[in-house]
Amino acid sequence: MFVWAMFQQYFPYQIRNQIEKYSQRLVTFVYPYIQITFHEFTGERLMRSDAYSAIENFLTSRAATQAKRLKADIAKNNQSLVLSMDDHEEVADNFQGANLWWASGKNITKSQSLSFRPVTDEKRFYKLTFHKRHRDLILTTYLNFVLKEGKAIKVKNRQRKLYTNNGSYWSHVVFEHPASFQTLAMESHKKEEIIEDLVTFSKAEEFYSRIGRAWKRGYLLYGPPGTGKSTMIAAMANLLGYDLYDLELTAVRDNTELRKLLIETSSKSIVVIEDIDCSLDLTGQRRKKEKKEEDEETNKDGGGKQKQSVEHEREGKTSQVTLSGLLNFIDGLWSACGGERLIVFTTNHVEKLDPALIRKGRMDKHIELSYCSFEAFKVLARNYLKIESHRLFDRIGELLGEVKMTPADVAEHLMPKSASGDSEVQLRSLIEGLESARKEEDERRKIEEEASLSKKDWTEKDKDSFVKAESDT
């Protein structure tokens, strides 16, 4: 220690540098081990290294059994702990007969800020040590294995998030929606078809790469309000373990901002645009129709209406996202930014959407969520009342075949109204609701028929009058 202190104190820097360089070369002839360092932060922007994160996840199980000092963090759903090595710990590993050692380290540097206060910067790293005769095995097979396993563990342990956009920035909360395909009110054969399609997509990375397409798939969910479109999206996210990005188009200023938001979405995610027919005017046909109606209204009402139209047009220009900008993300060049993503549109009026927006290749699978069927009712009865059959089921099945009622309305009747939880009370409530809906539908149909007959009578009278006038002439 005395000699080393004298060496550091009195030897010139150039000499010390040369001595250290040649001494390290001398050591390499004697020391048979190779070391690889993986720093936590790398790159110009000091982004957290993906390799470091993967190694940290990979060493979790080994650290729990070998390391004496551990760090703990909460895993997904806040129900368990994930352990990792603390600083300056070491664990051993064996791969195909090769012994390896992983060590965690930390470099501490101090600098002075503008306020003349010392700032401590900690830079962590992992160091891998192995014998040089295993170089080829470690640099190719082993490191690829570590990165793949680490990424898989990260996906398994991560907390899934629900994102929403505020302008051009995403904010998130923990996604904890309990929906699943088992509790979804839908025919079983439809659910099996959707589940098979989703699982096949999640395992098709090599297929999409081989055919030269971006690893993404579009889903269009359409049907009346209350048929379970949002619940279906939550069930899809829970089945695949994906994050959700709820994109509000009206909060996006223009196509450039939309592109920035979509680039920041991660892989293994679902990008959702709900009620796309109401989010923005993205269809040329609707725009022409609305403009024509607006012009007619302006011609009738004069300057006052014209002023209101101009003000309405100015308000509508707060968002300048166009149909072409949206389509460019769905299947244009920007669609390849990030892999394993689902793009889901929902709408109550599919006929209002531009055909270019929902064609195959953009919205690959169209799923209609319609009114409640008897099979869907039995799923709701099992969820809400915990019953598989009842003597009132036959009557309910008959009424559901005659009356259109959404699963949301059926579920409201099945909701327990008292602590006793008598299932017959809820079933009779549903029967009364269905009979009332059938009565209203019959009255409405009767009124429409009378109006149609009245219109027909007037048409016949007009025709007779026209014929009589022609004959008189």
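1. In this predicted model, the residues lining the largest cavity divide into 4 nonpolar, 2 polar and 3 charged. The residues in question are Y52, K71, M85, D87, S104, G105, R124, F125 and Y126. The volume of this cavity is about 30 Å³, and the count of cavities of 30 Å³ or more comes to 1.

2. β7 and β8 (118-131) each supply at least two of its residues. The largest share, 3 residues, comes from β8.

3. The largest pocket is a separate entry, with about 1,600 Å³ of space. Its lining has 39 residues, and the closest to the pocket centre are N57, K151, A152, K154 and V155. Two or more lining residues come from each of these elements: β3 (47-48), α3 (50-58), β4 (70-74), β5 (81-85), α5 (135-157), β9 (161-166) and α7 (205-211). Helix α5 gives the largest share of the pocket lining, 7 residues.

4. By class, the lining of the largest pocket holds 17 charged residues, along with 11 nonpolar and 11 polar ones.

5. The largest nonpolar core has 28 residues. Those with the most contacts inside this core are F181, L198, M232, M236, I270, L342 and V344. At least two core residues are supplied by each of α6 (188-202), β11, α8 (229-240), β13 (269-273) and β14 (341-347). Helix α8 provides the largest share of the core, 7 residues.

6. Strand β11 (residues 216-222), one of the contributors to that core, is also joined to β15 by 4 bridges. The two strands run parallel. Within this pairing, L220 has H366 of β15 as its bridge partner.

7. Which residues of β15 (residues 365-368) are on its covered face, and which on the uncovered one? K365 and I367 belong to the covered face, whereas H366 and E368 belong to the uncovered face. In a regular strand the side chains alternate between the two faces of the sheet.

8. Q96 is not a glycine, yet its phi is positive, about 50 degrees. The residue sits in the loop between β6 (90-95) and β7 (98-112). What is the accessibility class of Q96? Q96 counts as exposed because its relative accessibility is 61%, and the cut-off for that class is over 50%.

9. D275 is the other case: a residue other than glycine with a positive phi, near 50 degrees. D275 is placed in the loop between β13 and α10 (276-279). Its relative accessibility is 33%, so D275 counts as partly exposed.

Technical notes
Residues are numbered from 1 along each chain as its sequence is written. This is a predicted model: local features need pLDDT of at least 70, side-chain atom pairs count only at pLDDT 80 or more; totals for chains, interfaces and linings use all residues. Side-chain values use heavy atoms; hydrogens and water are left out. Buried means under 20% relative accessible area, exposed over 50%, partly exposed in between (1.4 Å probe, protein chains only). Two strands pair if DSSP finds at least two bridges between them. On a 1 Å grid over the protein atoms alone, a cavity is a set of points where a 1.4 Å probe fits but cannot get out, and a pocket is an open set with protein on both sides within 12 Å along at least five of seven lines; lining residues have an atom within 4 Å of a point. Grid points are joined across faces, edges and corners, and a volume is the space filled by probe spheres set on the points. Ala, Val, Leu, Ile, Met, Phe, Trp, Tyr, Cys and Pro count as nonpolar, Asp, Glu, Lys and Arg as charged, and the others, Gly among them, as polar. A nonpolar core is a set of buried Ala, Val, Leu, Ile, Met, Phe, Trp, Tyr and Cys residues joined through side-chain atoms within 4.5 Å.
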